[in-house]
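I will write down what I look up, one topic at a time.

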Amino acid sequence: MHADRKIEGNTASGGAAGESFRYDARSVRLHWLTAILVAVLWCLGQTIDWFPTPWRVAARSVHIVLGVALALALCYRLLWRIGAGRRMPPAGTGPMQMLATSVHVLLYVGLLAVVVLGIANTWIRGDNIFDLFTLPSIAPGNKALRHQVGDLHGLAANILLALAGLHALAGLAHHYVFKDDVLRRMS
């Protein structure tokens with residue numbers, strides 16, 4: 001965890017002496033795009049009902065369109081990570097590395113859960129998209145299912161935001177407490 005500790009000939013910051021290892025530019029862009037989309041979608045999801053009725057359709061439509069953008073970004077990000085994305089050596093060892101890996105896996109699982117539940121929520125509810133077209137409901141009149149899936153989508157989004165906050169705090173701890181280069185990998 002400390003910048004001067006060696007891991008198989010590399011510094012704990014992920015690079016050989018004098019060499020700074022960073023994620024490739026595409027991975028960095030996808031990371032920050034995902035982070036921004038999650039934050040904007042969460043804020044919009046919390047405030048949709050505050051909009052006056054004529055604007056609520058537009059707010060919900062923006063939420064749905066940005067949710068689709070998040071789904072596409074997630075798919076692309078997973079394909080990139082599996083394929084050509086840059087592999088980084090672990091930032092540490094032992095329990096801290098296991099925790100970091102666990103949080104990363106949970107972030108991906110959380111993203112997937114939020115996206116799948118959001119898609120299900122849209123199709124169960126049926127939605128008017130910008131007054132241009134309507135997605136038909138696959139369960140018209142089933143208010144119990146509509147509320148249950150909507151509540152699960154909201155809960156998953158809240159958990160995802162909490163995990164993302166933990167992830168961000170860990171990055172800041174690496175930068176300010178451990179004083180290593182882990183945070184700079186994603187810049």
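**A nonpolar patch on the surface**

I began with the surface, where V62, V65, F130, L132 and F133 form a nonpolar patch with about 460 Å² of accessible area together. I note here that I am reading a predicted model.

**The overall layout**

I then stepped back to the whole chain, in which I find four helices and four strands, arranged along the sequence in the pattern β-β-α-α-α-β-β-α. The protein has 187 residues, and 34% of them count as buried. I also looked up the contacts between residues at least 6 apart in sequence, and 72% of these join residues at least 24 apart.

**Salt bridges**

How many salt bridges does the structure hold? I find three, and I went through them one at a time.

D127 forms a salt bridge with R60, and the closest N and O atoms of this pair are 3.8 Å apart. This pair links distant parts of the chain, since D127 is in strand β3 (residues 127-129) and R60 is in helix α2, 67 residues apart. Is D127 buried or exposed? With a relative accessible area of 6%, D127 is buried, while R60, at 21%, is partly exposed.

D127 also meets R125 in a salt bridge between their side chains, at 2.5 Å from N to O. I looked up R125 as well, and at 18% relative accessibility R125 counts as buried, the cut-off for buried being under 20%.

The side chains of R184 and D181 meet in a salt bridge at 2.7 Å, N to O. R184 counts as partly exposed at 38% relative accessibility, and D181 counts as partly exposed at 30%. As for shared partners, salt bridges join R60, R125 and D127 into one network.

**Cysteines**

Last, I checked for disulfides, for which two cysteine sulfur atoms must lie within 2.5 Å, and the count comes to zero. I looked up C43, which is partly exposed with a relative accessible area of 41%, and C75, which is partly exposed with a relative accessible area of 47%.

Methods: Residues are numbered from 1 along each chain as its sequence is written. This is a predicted model: local features need pLDDT of at least 70, side-chain atom pairs count only at pLDDT 80 or more; totals for chains, interfaces and linings use all residues. Side-chain values use heavy atoms; hydrogens and water are left out. Helices (H or I, at least four residues) and strands (E, at least two) are DSSP runs, numbered from the N terminus. Buried means under 20% relative accessible area, exposed over 50%, partly exposed in between (1.4 Å probe, protein chains only). Contact means heavy atoms within 4.5 Å. Patches are made of residues with over 30% relative accessible area and no salt bridge: like charges are joined within 9 Å, nonpolar side chains (Val, Leu, Ile, Met, Phe, Trp, Tyr) within 5 Å. Accessible areas come from the Shrake-Rupley method with a 1.4 Å probe; for residues, only the protein chains shown count as cover. A salt bridge is a side-chain nitrogen of Lys or Arg within 4 Å of a carboxyl oxygen of Asp or Glu.
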